[in-house]
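Dear colleague,

I am passing on a structure that you have not worked with before, and my notes on it follow. Please read them with the model open beside you.

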Number of protein chains: 2
Amino acid sequence: MHPNRPALIVSVDVVLLTLRQGKLQAALHRRARPPFQGCLALPGGYVHPQEDATAEDTARRVLREKTGVEPRYLEQLGTFAGAARDPRGWSAAISHVALMPHEELRQAGGEVFHFYDVDQLPELAFDHAEQIRAAAERVRNKASYSTLPCWLLPEQFTLTQLQRTYEQIFGETVSRGTFRSRLGIKVGDMSPGEAADQADILIATDQFQGGSQRPARLFRVNRLSLFKRASW
Amino acid sequence: MHPNRPALIVSVDVVLLTLRQGKLQAALHRRARPPFQGCLALPGGYVHPQEDATAEDTARRVLREKTGVEPRYLEQLGTFAGAARDPRGWSAAISHVALMPHEELRQAGGEVFHFYDVDQLPELAFDHAEQIRAAAERVRNKASYSTLPCWLLPEQFTLTQLQRTYEQIFGETVSRGTFRSRLGIKVGDMSPGEAADQADILIATDQFQGGSQRPARLFRVNRLSLFKRASW
DNA sequence: CCTTCTTAGTTGCAAAATTCAACTAAGCAC
DNA sequence: GTGCTTAGTTGAATTTTGCAACTAAGAAGG
């Protein structure tokens, strides 16, 4: 082994975001052990080299062990590393962002978590507040030009539900016409039962969600699609 | 210490990009030691916990030790981690992107490097080809809506030089009018000697670069500014 | 000093994209 | 049927964009 290779603390953290009470909120738990014992913190853990082929696998395992669920969306956020962030010494945390509908999370053992507004965070362990701020910034940024917010909803959703999701992420309302044209959606053009075109941002299903008014067509997301950057 | 904490290999890599021969190229060197001895690889190294306060410090030190220079731009790209990327075992490489004008790099001991087109890479050690592809994608993406390409030029540059830089990054030409209006530049409006407005994307100097035709005003970049996403 | 050449910088207009208010559609309650 | 609510569309005013044609400034050469 290389003589200069130092002993470093390496862990994987997950910023699990969900829409709750009309706001973008992060899932936090209380640390059972020092350092920062009893402090609110992100879910995280050490890599199990035998078990985890990648850091993303570690992130998935940590969430599975805590809640029993798979996140609908998961990506690496970045690595928060340095001498100052952990009292035990130089450390690196490979941070991830995960998105889930809050309903799905609650059904799956999400009671272990406390939820806090990403814009009104309490005192947190390590640099976890900074990680959450970076995650919220990433999500808001990508939301302005992609279908990322779809992963905060159940698999099928109406266009109005999706619009509310975008509005809650940004904290401001959007005109209905603008929203729909930005997505390039013309419901009439879509042939529901048929195979989705690769170019389709959303896929029309043949299902409708009927309330006590005109029923709205249900959609599901095709893939993570990009459109023109906007301020909404 | 935590009982589950495994022994992992952690290193810092730098994708140092520069414009050379009209193309976006990456700086590579030949590995002196196994694994991948003699293979082309990115500059990189281990963290020195006593010396480096952050992973970015490690990246700067690695470049300084190789070439004696500070990169004009440096940001974290992401962490490439897993069981498969290093034959010695589970490893994590905190990867960075650095930008420099090729001239400055050459003057500063850049002879240690071989330069290769990011779109025509030779066989590389580890997952370094993947890191370079990710870095090029990041740079091209940010170039489409920010002043990132300014860091590939000397501190002062003409608008035409900057336009050529954008064109070389994307490999396609741009109309002069479109380029200037996208940057929001009206040279006449700028008061050179005075303090730059915070809103200014570029700062006009009172210097001109005269060839054998009308001299062009020299600019320097104010800060990393964003503008509307475009396809150029 | 006048013409020509080259590159810098500007202008204005045609074309394209965006926005939003007003419209139609579809269901339920009564 | 009427009235209410939400879904979905349309089209015209406005804004933005792209580009060709214009002016500006210096050098070279007669």
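**A sheet in chain A**

In chain A, three strands form an open sheet in the order E8-E10-E9, with antiparallel pairing, where strands are DSSP runs of E with at least two residues, helices are runs of H or I with at least four, both numbered from the N terminus, and two strands pair if DSSP finds at least two bridges between them. Its edge strands, each pairing on one side only, are E8 (157–158) and E9 (202–209) of chain A. E8(A) is joined by 2 bridges to the antiparallel strand E10 (residues 216–221) of chain A, and Phe157(A) stands opposite Phe219(A) in E10(A).

This is a predicted model, in which local features need pLDDT of at least 70 and side-chain atom pairs count only at pLDDT 80 or more, while totals for chains, interfaces and linings use all residues. Residues are numbered from 1 along each chain as its sequence is written, chains are lettered from A and ligands numbered from 1 in the order in which they are written, and side-chain values use heavy atoms, leaving out hydrogens and water.

**Where the chains meet**

In contact (heavy atoms within 4.5 Å) are 27 residues of chain B and 27 residues of chain A. Between these chains the count is 0 salt bridges, a salt bridge being a side-chain nitrogen of Lys or Arg within 4 Å of a carboxyl oxygen of Asp or Glu. On the side of chain B that touches chain A, strands E1 (9–20), E5 (73–82) and E6 (91–99) of chain B each give two or more residues, and E5(B) gives the most, with 5 residues.

With regards
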